[in-house]
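Visitor: I have a structure open and would like to learn how to read its features. Could you walk me through some of them?

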Amino acid sequence: MSITKNLNEIRTSIPDKVTLIAVSKTKPNEDLLEAYNAGQRVFGENKVQEMTQKWETLPKDIAWHMIGHLQRNKVKYMAEFVSLVHGVDSFRLLKEINKQGAKCNRTIDCLLQMHIAEEDTKFGLDEKELYEIVDSEEFKSMENIKIKGLMGMATFTDDTGQIRKEFKSLKKTFDNLKQQLTHIDTLSMGMSGDYKIAIEEGSTMVRVGSSIFGARNYS
């Protein structure tokens, strides 16, 4: 299996305006370096400890995206370097990111995670919670976070009609939010199995792992 070949095939299948995140969780540094040497600069991890270890040892021009569920007590470990936090699924988490950003004297880019799947296992906000956050005075006073857009994960199913419907609904939420937060420009939706549908429905950022690096070994 050639990571370089996989990466180039995926790159040719997505438009230039869509950012490809190589999801490198559980993968060794050698695999990431092969992707890096093929020109990939944006990597996604879902565990803070693993991402921090890779950040410490790999080239410093890599943009690290935190794509997994994030616990508040882990934010401090990545606050100085994380490029984008995808899974902001509560106001309490956003407040912690803002606090740690202030300690590092930087503004941390974030995506608010919406719950769009028909599965209970996925995290995320509903529309009511989304607007409770963005309409609040406390949110407006936060100086060390910047909301770049939204993220969502579709139901894990072979029913492409359902996946498309969920992505459409997230794009609609994004468009509505953009009337209020006019600067937002990022809609992170689509993974190895459904990124082509996501792009058709307006995704600007796709998170692809196994199609680049092969199946993961969690043992």
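Visitor: Let me start with strand β4 (residues 84-88): how many of its residues are buried?

Guide: A word on the model before that: it is predicted, so local features need pLDDT of at least 70 and side-chain atom pairs count only at pLDDT 80 or more, while totals for chains, interfaces and linings use all residues. Residues are numbered from 1 along each chain as its sequence is written, and side-chain values use heavy atoms, with hydrogens and water left out. Buried means under 20% relative accessible area, with a 1.4 Å probe and protein chains only. Strands are DSSP runs of E with at least two residues, and helices are runs of H or I with at least four, numbered from the N terminus. Five of the five residues of β4 are buried, so the strand is largely enclosed by the rest of the structure.

Visitor: Which strand pairs with β4 in the parallel sense over two bridges?

Guide: Strands pair if DSSP finds at least two bridges between them. Strand β3 (residues 63-66) is a parallel partner of β4, with Met-66 opposite Val-85. Two bridges also join β4 to strand β5 (residues 108-114), again running parallel, and there Val-88 faces Leu-112. Between β4 and β5 the chain passes through helix α5 (residues 91-103) in a right-handed β-α-β crossover; that is, with the strands pointing away from the viewer, the path from the first strand over the helix to the second runs clockwise.

Visitor: How many aromatic pairs are there?

Guide: A pair of aromatic rings is described by the distance of the centres and the angle of the planes. Rings of Phe, Tyr and Trp (its six-membered ring) pair if their centres lie within 6.5 Å; planes under 30 degrees apart are stacked, over 60 edge-to-face, and the rest tilted. The count here is two. Phe-43 and Trp-64 have centres 6.0 Å apart and planes at 40 degrees, so this pair is tilted. Phe-43 belongs to strand β2 (residues 42-45) and Trp-64 to β3, 21 residues apart, and both are buried. Trp-55 and Phe-81 are stacked, 4.3 Å centre to centre with 5 degrees between the planes.

Visitor: What does Asn-98 touch?

Guide: Contact means heavy atoms within 4.5 Å. Leaving aside residues up to four places away in sequence, Asn-98 touches Met-142, Glu-143, Asn-144 and Ile-145. Asn-98 lies in helix α5 and counts as buried at 15% relative accessibility.

Note on methods:
Buried < 20%, exposed > 50% of the residue type's maximum accessible area, 1.4 Å probe, protein only.
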